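I opened this notebook to keep track of what I looked up, entry by entry.

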Amino acid sequence: MAGRLSAKLLDRLAPDQRAAATASSGPVLCVAPAGSGKTTTLVARIAWLIDQGTPADSICAITFNKRAAEELGTRLEGALGGVGLGAPDARVRVRTFHALGREILLDGGARVEPLLDRMAILRRLFPDLGPPGWRRLDDAFSRLKLDLDLTAEEVTSDPEPGPVARAFIQYEGALANEGGLDFDDLVAQALRLLEADAPLLARWRAACAELLVDEVQDVDRSQLRLALLLAAPANRIFLVGDDDQSIYGWRLADVRRVLSLAAELPGLRRFDLETNYRCPAPVVQRSVRLVTVNRERFRKTIRARPRAAGRLILAPDGGDDPERIRRALATLPTDDGSRAILARTNRELLPAVAVALELNLPFRAPRVPLLLDAPELDAVLGLAHITHPDLPLVPRLAAVRALVADGPAELTDDESFSQAEVAAALLAWAPPYANLGELAEAIGERRERLAVLRRDDAPLTLATAHSTKGLEFDHVVVMGLDAGRFPSARALTEATDPARALEEERRLAYVAWTRARRSLTLVYDPAAPSRFLLEAFDSAELALTEAA
């Protein structure tokens, strides 16, 4: 029965959303495809629980990241009108897993400060590894802590530790010496503390008597263990997620975790949201056709909303990336809608930044590392100033490139630049300029233009597909849907299970395509299209060349 808080919310829900929001207590899995209104359903569920007599301070909603927690909190405040959001000890608790872990540790008398930056410690302890080596250790340490539930003491007991184990022991020693913990410890240590302290566990089970978990497909093993531990034994837990949007395998998410929830929660009832209210009908149809190729997924119905207007544009283009981006931007509607250029990696977005600067387009690229920002650019310019000053600019920079290429090998990744890469870029930029001074002045001017055009409120967003999870834009352009680029040849080559890695890449494409509210443009080389295009479209639609 609806009450005063939930009545209006429930009246606005579709039947599938309402069925999920009002499901009787017990383990529930709400499968919520892209654009299906999962946050609306979560808010209605919380309001309905309060109307049924559940105290607000015994409801806890856990979100995947801080942005989602803030959005859910804001939506709850508007929906509940202050009920359940009053004094800190009498409100609905909306937290990320890490924030909840921190509260549990504080309640149990454990230390939560200082929270140390793992990357900073890895750089200090292992300076020769470079960014790829540091990231490999970062991933390995998270796996040891969150997937394998190992402590430094347990790893130290190994009579023949391998190189990763030895590095982990050294790293944990550095944490201990500074009296701190890292981000993973907030969950891992909270879990151990709850398992060891029965009164603490009882308090937190009472505080989470009705537990809601958002984006459950993205949780790692320890996060799911924490949620299930808090929900037991009554298991009044409401899990929301979408197996088709599980794209964070590198963060220890595993789609099999959500697919096997019924084994963890006897009596689990599943409610499917079936309508994508966000995307135009052709976008929904082709995205679904793509993702249904996957084998590791729930069978489900996904349909577009009635009269879902909008366009899906296939843009075969054999040009280089800057040319493709210029042409794609020129075809976008000239309205005031938000727009996004999405790519598989940060590096593939650099031409989009160059085009935005060239066309004086304000843009936001919050997670894209830019060469103009890189300290290596100033270092190589400094080296150029003292290298063969008697030579013309192009031969002079060629000498600089040879000089840095002969130096020690630098290890870089998608978020950093080697001096050799910077020298090559300078050499490519050089021809229009008479001397190094003119080139340096032009770089300074471009940096000034970057400072003006790169804005948080810009209508154009440049982002990777991974970073746009949970976001939406009126007009979306997905670049680089070429063989070897998307799906990423590197991701498949380096994967221990290439078949499962390919399915995650396919889910990533599905996520990218379903960010579009009004139009989706897919840019690809007609001579070498992504296999994902061949799966989602017929060959005749793609206008393929003979080479393809």
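The entries below go through salt bridges and then a helix.

**Entry 1: the model.** I noted before anything else that this is a predicted model.

**Entry 2: salt bridges in total.** I looked up how many salt bridges there are, and the count comes to 57. As background I wrote down that side chains of opposite charge can pair when their charged atoms come close.

**Entry 3: Lys38 and Glu215.** I looked up this pair and found a salt bridge between the two side chains, at 3.5 Å from N to O. Is Glu215 buried or exposed? Glu215 counts as buried because its relative accessibility is 12%, and the cut-off for buried is under 20%.

**Entry 4: Glu113 and Arg102.** The side chains of Glu113 and Arg102 form a salt bridge, 3.2 Å from N to O. Arg102 belongs to helix α5 and Glu113 to the loop between α5 (97–107) and α6 (118–125), so the parts tied together are 11 residues apart in sequence. I then checked accessibility: Glu113 has 48% and counts as partly exposed, and Arg102 has 33% and also counts as partly exposed.

**Entry 5: Lys300 and Asp244.** Here I noted a salt bridge with an N to O distance of 2.9 Å. Lys300 sits in the loop between α15 (281–291) and β8 (303–304), and Asp244 in the loop between β5 (237–241) and α13 (255–259); the pair links distant parts of the chain, 56 residues apart. Lys300 is buried, with a relative accessible area of 16%. Asp244 is buried too, at 0%.

**Entry 6: a network.** I followed salt bridges that share partners and found that they join Arg118, Asp138, Lys145, Glu172, Asp182, Asp184 and Asp185 into one network.

**Entry 7: helix α10.** I turned to helix α10 (residues 183–196), which has 14 residues. Its span from the first C-alpha to the last is 21 Å, close to the 20 Å expected. At the start of α10, a side-chain oxygen of Asp182 comes to within 3.2 Å of the backbone nitrogen of Asp184. Which residues of α10 are buried? They are Asp184, Asp185, Leu186, Val187, Ala188, Ala190, Leu191 and Leu194. I also looked up what covers these buried residues, and the cover includes α5, α6, α7 (130–147), α9 (163–177), α11 (198–207) and α12.

Methods
Residues numbered from 1 in each chain as written. Predicted model: local features only at pLDDT ≥ 70, side-chain atom pairs only at ≥ 80, totals over all residues. Heavy atoms only, no water. Salt bridge = Lys/Arg side-chain N within 4 Å of Asp/Glu carboxyl O. Buried < 20%, exposed > 50% of the residue type's maximum accessible area, 1.4 Å probe, protein only. Helix = DSSP H or I, 4+ residues; strand = E, 2+ residues; numbered from the N terminus. Expected span 1.5 Å × (residues − 1). Contact = heavy atoms within 4.5 Å. Polar contact = N/O pair within 3.5 Å; in protein donor to acceptor, adjacent residues only side chain to side chain.
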